[in-house]
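I am opening a notebook on this structure.

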Amino acid sequence: LDLYAMDIDLWNLAQVPESEIIWKDNPLEVNGISAPSMHLRCQLPADKIIDFYKEALTKDRWELKEYYPKENALVFTKENRFFYLAVMSNGENLPSDVYLVNSPQDLAICKNIKDYFLQEVIAPDTPGKDFSDLPRYPGSKRRFNVFTPFQGAALIYEAEAKPEEIAR
């Protein structure tokens with residue numbers, strides 16, 4: 001049984017105009033770190049959504065730490081917390097999907113993965129969990145895992161075996 005408290009930053013955050021809430025305050029889990037998240041669907045173009053949240057978050061004393069314009073993703077920090085904004089455009093005349101995540105720790109996936117991949121000796125498992133209903137290849141090591149509020153998940157493993165062996 002997972003218990004989860006309402007995230008005040010997500011609940012108090014202004015909602016971008018012309019948007020609807022798909023889900024709010026659901027936990028996103030990345031490599032064992034649980035972070036409350038929100039998913040909106042919005043009719044505005046990605047740049048307008050980004051401008052809206054840049055203004056709203058900086059007004060609430062969040063500092064812009066990183067901005068990835070090609071990916072429409074931003075990272076904000078405040079008092080050792082991390083706030084992520086990602087806008088996924090779905091094509092012309094279609095609404096964009098907006099994801100907001102308020103994390104107690106840095107979810108910098110690339111920085112985390114570099115400590116585990118391509119080492120001379122296979123490193124131990126990264127924190128997190130495995131699928132409960134899918135067997136894991138013997139001797140493999142977990143490198144990355146994400147469990148989303150909409151029942152999606154992604155896991156990456158490293159093993160000393162040929163792909164054909166693992167597939168069998």
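**Entry 1: Asp60 and Lys78**

I am working from a predicted model. I started with Asp60. Its relative accessibility is 32%, so I logged Asp60 as partly exposed. Next I looked for its partner. Asp60 makes a salt bridge with Lys78, and the closest N and O atoms are 3.7 Å apart. I then checked where the two sit. Asp60 is in the loop between α2 (46-59) and β3 (63-68), while Lys78 belongs to strand β4 (residues 73-78). They are 18 residues apart, and I noted that the pair links distant parts of the chain. Is Lys78 buried or exposed? I found 14% relative accessibility, under the 20% limit, so Lys78 counts as buried.

**Entry 2: Asp106 and Lys65**

I moved on to Asp106. It forms a salt bridge with Lys65, with 3.8 Å between the closest N and O atoms. Asp106 lies in the loop between β6 and α3 (109-114), and Lys65 lies in strand β3. This pair also links distant parts of the chain, 41 residues apart. I looked up the accessibility of each residue. Asp106 has 30% and counts as partly exposed. Lys65 has 38% and counts as partly exposed. I also found Glu66 here: Lys65, Glu66 and Asp106 are linked in a network of salt bridges.

**Entry 3: Arg41 and Asp97**

How many salt bridges does a search of the whole structure find? I got seven. One of them joins Arg41 to Asp97, the closest N and O atoms being 2.8 Å apart. Arg41 lies in strand β2 (residues 33-42) and Asp97 in strand β6 (residues 96-103), so this pair ties together parts 56 residues apart in sequence. Arg41, at 30% relative accessibility, is partly exposed. Asp97, at 10%, is buried.

**Entry 4: Nonpolar cores**

I turned to the nonpolar side. The largest nonpolar core has 21 residues. Which of them touch the most other members? I listed Ile49, Tyr53, Phe83, Leu85, Val98 and Leu100. Elements giving two or more residues to this core are β2, α2, β4, β5 (81-88) and β6. The largest share, six residues, comes from α2.

Last, I noted a second, separate core of ten residues. Its members include Ala35, Val75, Leu107 and Val146.

Key. Residues numbered from 1 in each chain as written. Predicted model: local features only at pLDDT ≥ 70, side-chain atom pairs only at ≥ 80, totals over all residues. Heavy atoms only, no water. Salt bridge = Lys/Arg side-chain N within 4 Å of Asp/Glu carboxyl O. Helix = DSSP H or I, 4+ residues; strand = E, 2+ residues; numbered from the N terminus. Buried < 20%, exposed > 50% of the residue type's maximum accessible area, 1.4 Å probe, protein only. Core = buried A, V, L, I, M, F, W, Y, C linked by side-chain atoms within 4.5 Å.
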